[in-house]
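Let's walk through this protein together, going from the whole chain down to single residues. Have a look at the model before reading on.

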Amino acid sequence: MRLKFFLTKIVVFCFVFGTLAFEPNSLNAQNQEVVIVGELGVFTAPDNDAEVFIDGIHVGHTPFLKKVEVGKHQLTVKKEMYYDYQEEIVVGDARLDVKIKLEPKYGMLRINTKPFGAMVYFNGIKYPTRTPCISGKIMAGSVAVKIELEDYHTVDTVVIVDEGKVTNLYVQLEKQPVFESMAREDYDYQLSRVYITNDDNNFVELDTTGFRKVSDVTSSIHHDGNTLKNKSKIKHGFWLKGGLGISNVYGKDAYGETINWSTGDYYSVYPTFYIGGQYTLRFNRYVGLAVDLNYSRTGYQYSHNDEVLDYGVINKFTFDGIELPFAFRTYFLKNGYGPMIELGGILNYRKYCKVDYSVSTGEKDYLKEKYGSLNWGLVAGLGCDFKIVDVACSINARVVLEMSKVFDDVDYKLIYFQFGIGVKIF
């Protein structure tokens, strides 16, 4: 009996203690605050992938779209080479989109040299492209620039790159003298002239003493602010050239009939070729002269039907000799490359005349004899100079209209087209 009474007391005690122990937690759960969130979107221009901080805590990158606790927050956006952006925002139960235009801390540097093809170093790092070139995005401020070209003085200078602008740097490289009797520093100071201009056409001269304004630079710089007028030497070069073409005759034949250039009943085109060298002179950026010395082959083909004997005859006339075209050129681009047009004359000496005679009956004959004809004519053409890696190349198309008769007893003359390529050797 006593044991039953004792067990009953224990059960009552546990029930009362358990009720008291769990009751406060139940009250806390009922009194716990409910967090209300809204949606926040953050977008940056000109580029995304900027870091987003809310109340100093990194929460992601732009484009950013996540749920954020309702209320006031401090928004910070950071991106390399841009200024930090900060703003106090209020997030509500509706979606809030924040669009930010980041202010750049970078600029770009465009470098042009005379002569071109120089190697460039930015802050000691070699740039992969030779001049003329333009850098990628670089931190605004002072940029150490080093320019090297074989047989020319090295230029070491500092350029101030403005934020959000393209700074133009032009360098007139000076050739190293044969006898170096002065110190390198003296040469750099006396010979190296470096000019820069920003988009606001503010011209500055850089030398070993630093930056200083130059009042008379604008008169010698084009309106585009990139290059100086060149009053220096005439440029020249030697090229190896060659190509193929077609030729025919024009004028009137022995019967007084006008010859059809293309493929008439009697006269038709003939394949040609030439190979030789070319010497070019550049008087300035836009005008030059080209003189060629080529070995060439031209000709034409004459065919007719003998109505009496009822067979066809084909005569192929081939002329081998030396030609000397000379043409004035007009260039469209001042940097020395690009398209051009040319107009001039030609002298040629044809030493041999070859005739291939064939008849539809199967009869063939071949004749080669000394021709010894000196001729003159007119030349017109189009061309384009360009670079492949560091090799200067050219393509051109010419038409040659000879003014001398092919043979004295008939009034027709040669006309031929040449299509060629060339490589500059020095």
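Predicted model: local features only at pLDDT ≥ 70, side-chain atom pairs only at ≥ 80, totals over all residues.

The protein has 426 residues, and 37% of them are buried. If you count contacts between residues at least 6 apart in sequence, 57% join residues at least 24 apart.

Now for a sheet. Four strands make up an open one, in the order β3-β2-β5-β6, and the pairing is antiparallel. At its edges sit β3 (57-61) and β6 (85-91), each of which pairs on one side only. Going from one strand to the next, the twist averages 30°. Zoom in on β5 (residues 71-78) and you'll find seven bridges joining this strand to β6. One spot to look for is K72, which stands opposite V90 in β6.

What about the interior? In soluble globular proteins, nonpolar side chains tend to be buried together. Here the largest nonpolar core holds 19 residues, and L109, I111, F122, V145, I147, L169 and L173 have the most contacts inside it. Two or more residues each come from β8 (106-114), β9 (119-122), β13 (141-148), β14 (155-161) and β15 (166-172). Take I147: beyond its neighbours within four places in sequence, I147 touches residues including I111, M119, V155, L169 and L173. There is also a second, separate core of 16 residues, with V42, V77, Y82 and I89 among them.

Definitions and conventions. Residues numbered from 1 in each chain as written. Heavy atoms only, no water. Buried < 20%, exposed > 50% of the residue type's maximum accessible area, 1.4 Å probe, protein only. Contact = heavy atoms within 4.5 Å. Pairing = 2+ DSSP bridges. Axes fitted to C-alpha atoms, helices over the stretch in contact; angles between N-to-C directions. Core = buried A, V, L, I, M, F, W, Y, C linked by side-chain atoms within 4.5 Å.
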